[in-house]
Amino acid sequence: MELNGIVQSLENKIILVTGSTGYLSKLFVEKLLRVQPNVKHLFLLLRAVDALSPTQRLHKDVIGKEVFRVLREEHGGGFDSFISKKVTPIFGDVSLENLGIKDSELEKRLHKEINFVAHFAATTNFHERYLLNEFIWSS
């Protein structure tokens with residue numbers, strides 16, 4: 001499948017992105033929003049590291065970064081509106097059952113709506129033991 005075919009296949013799709021504050025994930029989200037503005041929606045899984053709300057963390061650690069400069073310039077004053085329509089940040093953790101999502105209504109919505117999962121979560125602790133995790137949600 002050519003790149004254009006991949007881009008087209010993501011039109012009107014809902015995607016869950018893990019590891020959302022990581023380097024590769026930010027590149028993926030920015031590129032996807034730039035080349036396929038008709039992606040229906042992105043849910044960005046963010047690990048709660050402090051008292052910041054998911055939206056504050058999204059702005060501080062993801063879309064506030066330099067990699068979003070071109071997209072920000074493209075949309076000008078409508079950038080925040082574009083992001084709020086296309087992106088929902090949610091707190092969770094891939095190492096926990098059901099991705100650590102405690103809101104049962106949100107969990108049901110994700111099960112029902114998500115078409116793809118883009119998994120970028122990783123550990124940067126290089127002393128970590130190898131772990132085999134199963135990313136299967138209980139239904």
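Let me start with His41, which, leaving out residues up to four places away in sequence, touches Lys13, Ile14 and Ile15 on one stretch of the chain and Lys85, Lys86, Val87 and Thr88 on another. What we have here is a predicted model, so please hear everything I say as a description of that model. His41 has its place in strand 2, and because its relative accessibility is 10%, His41 counts as buried.

To place that residue in the whole, the chain has six helices and four strands, and along the sequence these follow the pattern α-β-α-β-α-α-α-β-α-β. Of the 139 residues in the chain, 35% are buried. If we take the contacts with a separation of 6 or more, 74% of them are between residues 24 or more positions apart.

Now to strand 1, residues 14–17, and its partners. Strand 1 pairs with strand 2 in the parallel sense over four bridges, and Val17, for instance, has Leu44 as its bridge partner in strand 2. Strand 1 also pairs with strand 4, again in the parallel sense, over three bridges, and there the bridge partner of Leu16 is Val117. Together with helix 2, strands 1 and 2 make a right-handed β-α-β unit.

Which way do the side chains of strand 1 point? Ile14 and Leu16 point one way, whereas Ile15 and Val17 point the other way, and all of them are buried.

Leu42 deserves a moment of its own, and, with its neighbours within four places in sequence left aside, Leu42 is in contact with Ile15, with Val29, Leu32 and Leu33, and with Lys86, Val87 and Thr88.

That brings me to helix 5, residues 79–86, in which Phe79, Phe82, Ile83 and Lys86 are buried. Viewed down the axis of helix 5, these buried residues fall within an arc of 95°, so they line one face of the helix. In general, an α-helix has 3.6 residues a turn, so residues three or four places apart point the same way. The buried residues of helix 5 pack against helix 2, strand 2, helix 3, helix 4 and strand 3, while the face turned away from the buried side carries the exposed residues Ser84 and Lys85.

I will finish with Asn115, in the loop between helix 6, residues 104–113, and strand 4, residues 116–118. Is Asn115 buried or partly exposed? Asn115 is partly exposed, because its relative accessible area is 42%, which lies between the 20% limit for buried and the 50% limit for exposed residues. Although Asn115 and Ile15 are 100 residues apart along the chain, their C-alpha atoms are separated by 5.9 Å. Not counting residues up to four places away in sequence, Asn115 touches Asn12, Lys13 and Ile14, and the Asn115 side chain reaches the backbone nitrogen of Ile14 at 2.8 Å.

Conventions
Residues numbered from 1 in each chain as written. Predicted model: local features only at pLDDT ≥ 70, side-chain atom pairs only at ≥ 80, totals over all residues. Heavy atoms only, no water. Helix = DSSP H or I, 4+ residues; strand = E, 2+ residues; numbered from the N terminus. Buried < 20%, exposed > 50% of the residue type's maximum accessible area, 1.4 Å probe, protein only. Contact = heavy atoms within 4.5 Å. Polar contact = N/O pair within 3.5 Å; in protein donor to acceptor, adjacent residues only side chain to side chain. Arc of directions from axis to C-beta. Pairing = 2+ DSSP bridges. Right-handed = clockwise from strand over helix to strand, strands pointing away.
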